[in-house]
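User: I would like to learn how to read a structure like this one. Can we take it feature by feature?

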Protein chains: 2
Amino acid sequence: MSKLLKSYDRSRIPLYIQVASVMRQRIQSGQWAPGQRISTLEELEREFQVARVTVRQAIAVLQEEGLLHAQQGRGTYVSDLTPSRHWFKLETTWDELIESIRDNVPQQMTLEQDVPPPPLQPNDGQAAAHYVRLRSVQYRDNEPYSLVNLHLAQHIFELDPKRFMRSPALPAIAALSQVKVAYAHQTLVIGSADPETADRMMVAIGAPTAECHCVVIDETGTAIYVADIIYRSDCIKLQIDLLGNGPAPGRAAPAKPPRRPKAKQS
Amino acid sequence: MSKLLKSYDRSRIPLYIQVASVMRQRIQSGQWAPGQRISTLEELEREFQVARVTVRQAIAVLQEEGLLHAQQGRGTYVSDLTPSRHWFKLETTWDELIESIRDNVPQQMTLEQDVPPPPLQPNDGQAAAHYVRLRSVQYRDNEPYSLVNLHLAQHIFELDPKRFMRSPALPAIAALSQVKVAYAHQTLVIGSADPETADRMMVAIGAPTAECHCVVIDETGTAIYVADIIYRSDCIKLQIDLLGNGPAPGRAAPAKPPRRPKAKQS
DNA sequence: CTCAATTTGTTCGTATGTATG
DNA sequence: ACATACATACGAACAAATTGA
């Protein structure tokens with residue numbers, strides 16, 4: 001038996017979906033380039049060690065997703081326009097993070113006053129006396145890609161309620177001269193969508209997600225901003241500069257990009 | 001109809017697996033605590049809007065995983081020992097990264113000489129003249145959790161072939177006084193296991209993975225180390241210090257925690 | 001100890017989905 | 001396209017174990 005059939009025992013997921021997911025991976029990784037003709041049904045049958053109909057079911061799945069189109073007598077081709085993945089760069093420093101989300105527009109913002117404090121991890125500082133809870137959804141091209149569940153210390157929220165209700169909170173906090181940010185950190189794990197998340201983000205239940213837990217602590221050690229943000233897994237990308245001396249000079253880039261030429265702290 | 005049934009149309013994955021994945025999430029998130037008795041079959045039927053048999057299939061899945069145990073007449077209980085998740089911290093600075101993998105022991109190391117250069121991203125510098133390819137598997141408790149596919153510049157490899165063959169390459173490079181590391185970065189995206197990955201890491205085909213692309217560039221702008229590392233998604237956790245001034249002082253910790261607070265002071 | 005309530009375990013019939021050759 | 005086999009899912013009824021009154 002083939003490797004795939006052995007793995008099938010491990011997974012319980014219908015075979016044609018597994019085949020489809022392997023083929024999807026090949027398209028998205030570029031191993032099957034846009035416009036290219038892929039292997040014939042017979043070759044795919046042999047490669048995956050499955051029946052012809054199963055291959056066709058897998059192809060049907062990818063046709064519905066717009067990644068493939070099959071033509072009788074000619075063959076099966078990869079679509080020219082494959083949707084871009086990993087377009088959302090999750091920044092790893094305070095300044096870049098603020099900058100990257102400055103112009104985001106949160107949708108479906110809801111506010112709850114006087115909510116219980118958020119669950120805090122060991123390094124998340126101490127809870128504030130009162131929190132408000134802001135929930136919102138981020139969209140791109142009319143498609144939701146992240147859910148924000150934010151606990152904001154009430155005394156911070158009241159410094160500029162209108163702004164917090166209509167624009168991202170982190171830039172708003174950075175703009176508040178009264179507030180001194182002492183520590184800020186973020187953790188990321190890979191999870192899977194529960195029914196509510198799946199529904200709000202329009203993905204399947206159990207689809208992989210990136211779960212970010214972002215905490216901002218003021219000079220008194222109080223967690224003034226505690227956000228749990230869930231991203232679709234296929235849109236996110238992290239870029240980590242291990243030495244902290246900026247990216248390597250690119251092909252046509254100048255030899256010495258000393259820092260970030262963008263905006264300076266104000 | 002319920003949210004779950006609507007989402008089911010979107011997913012094509014068997015219903016009982018979706019139910020199981022929601023229940024698994026609840027256990028792993030602590031919403032269902034270890035030892036706790038969970039809702040009765042009838043309540044779960046109503047909540048998920050599925051038939052009794054479907055709930056039981058989901059429970060059977062989680063029983064096989066050791067997360068639940070059911071007892072006739074009494075109820076269904078969460079196991080006391082639920083396996084730990086996210087135990088692998090992927091460090092985000094050079095020094096911490098080196099330190100964290102120093103004592104790892106790669107298994108099943110294979111070497112290929114004179115391989116074609118690795119695919120390089122725009123900021124990955126220039127390819128070296130010759131590369132060797134080292135592949136290995138990382139284990140914990142006899143379970144594989146990551147696959148390493150490393151392209152190492154041949155002239156670097158030859159500085160200490162024996163060490164590169166039996167211990168992690170990054171600490172080995174850091175230890176080489178002849179080598180000056182100018183840039184080092186890492187990108188992370190979420191992918192899914194292809195058949196070979198699934199087989200070597202003993203997960204299902206299509207299971208989510210964390211794909212790391214780590215590049216080390218020397219002072220001549222040459223990519224001397226290009227690693228593509230695939231982790232199981234459920235073991236990995238990133239911790240990003242946005243301000244770069246260390247973690248916030250913990251509850252019982254002194255104001256200046258020197259490094260790793262292994263032992264706690266009370 | 002028995003009874004009743006509660007809860008999981010099992011079985012049947014039916015319909016649809018998945019996979020093979 | 002067809003015939004076959006097995007998996008998935010439903011609803012309903014019944015059986016068996018546990019608990020407490």
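User: Which helices and strands each supply at least two residues of the surface near DNA strand C?

Analyst: A word first: this is a predicted model. To read such a surface, list the elements that its residues come from. Here chain A gives helix 2 (15–29) and helix 4 (52–64). Chain B gives helix 4, strand 1 (68–71) and strand 2 (75–78). Each of these elements supplies at least two residues.

User: How many residues are around DNA strand C, and which come nearest?

Analyst: A residue counts as near if one of its heavy atoms lies within 4 Å of the strand. By that reading, 21 residues are around DNA strand C. A:Leu15, A:Tyr16, A:Thr54, B:Arg52 and B:Gln72 come nearest. Now turn to the DNA side. Of the atoms of DNA strand C within 4 Å of the protein, 76% belong to sugar and phosphate.

User: How do the residues near DNA strand C divide by class?

Analyst: Sort them into nonpolar, polar and charged. The surface near DNA strand C has nine nonpolar, eight polar and four charged residues.

User: What surrounds DNA strand D?

Analyst: Read it the same way. Eleven residues surround DNA strand D. The closest are B:Leu15, B:Tyr16, B:Ala51, B:Thr54 and B:Gln72. On the DNA side, sugar and phosphate make up 78% of the atoms that come within 4 Å of the protein. Helix 2 and helix 4 of chain B each supply at least two residues of this surface. By class, the surface near DNA strand D has seven nonpolar, three polar and one charged residues.

User: Next, helix packing. At what angle do helix 2 and helix 4 of chain B pack?

Analyst: Read the angle, then the gap between axes, then the residues that touch. Helix 2 (residues 15–29) and helix 4 (residues 52–64) of chain B pack at about 55°, with axes 8 Å apart. The two helices are therefore oblique to each other. Their crossing is right-handed. Helix 2 of chain B brings B:Leu15, B:Tyr16, B:Val19, B:Ala20, B:Met23 and B:Arg24 to the contact. Helix 4 of chain B brings B:Thr54, B:Gln57, B:Ala58, B:Ile59, B:Val61 and B:Leu62. The contact has nine nonpolar, two polar and one charged residues.

User: Why is helix 3 of chain B described as roughly perpendicular to helix 4 of chain B?

Analyst: Check the crossing angle. Their axes come within 9 Å and cross at roughly 105°. That makes helix 3 of chain B roughly perpendicular to helix 4 of chain B, because angles of 65 to 115 degrees count as roughly perpendicular. B:Leu41, B:Glu42, B:Leu44 and B:Glu45 of helix 3 meet B:Arg52, B:Val55, B:Arg56 and B:Ile59 of helix 4. This contact has four nonpolar, no polar and four charged residues.

User: Last, a loop. Where is B:Asn104, and what does B:Asn104 touch?

Analyst: B:Asn104 is in the loop between helix 5 (94–101) and strand 4 (107–115) of chain B. Leaving out residues up to four places away in sequence, B:Asn104 touches B:Gln138, B:Tyr145 and B:Pro168. B:Ser167 is 63 residues apart from B:Asn104 along the chain, yet their C-alpha atoms are separated by 7.0 Å.

Key
Residues are numbered from 1 along each chain as its sequence is written. Chains are lettered from A and ligands numbered from 1 in the order in which they are written. This is a predicted model: local features need pLDDT of at least 70, side-chain atom pairs count only at pLDDT 80 or more; totals for chains, interfaces and linings use all residues. Side-chain values use heavy atoms; hydrogens and water are left out. Axes are lines fitted to C-alpha atoms, for helices over the stretch in contact, and angles run from 0 to 180 degrees between N-to-C directions. Helices (H or I, at least four residues) and strands (E, at least two) are DSSP runs, numbered from the N terminus. Angles under 35 degrees count as roughly parallel, over 145 as roughly antiparallel, 65 to 115 as roughly perpendicular and the rest as oblique. A crossing is left-handed if the near helix is turned anticlockwise from the far one by less than a right angle, and right-handed if clockwise. Contact means heavy atoms within 4.5 Å. Ala, Val, Leu, Ile, Met, Phe, Trp, Tyr, Cys and Pro count as nonpolar, Asp, Glu, Lys and Arg as charged, and the others, Gly among them, as polar.
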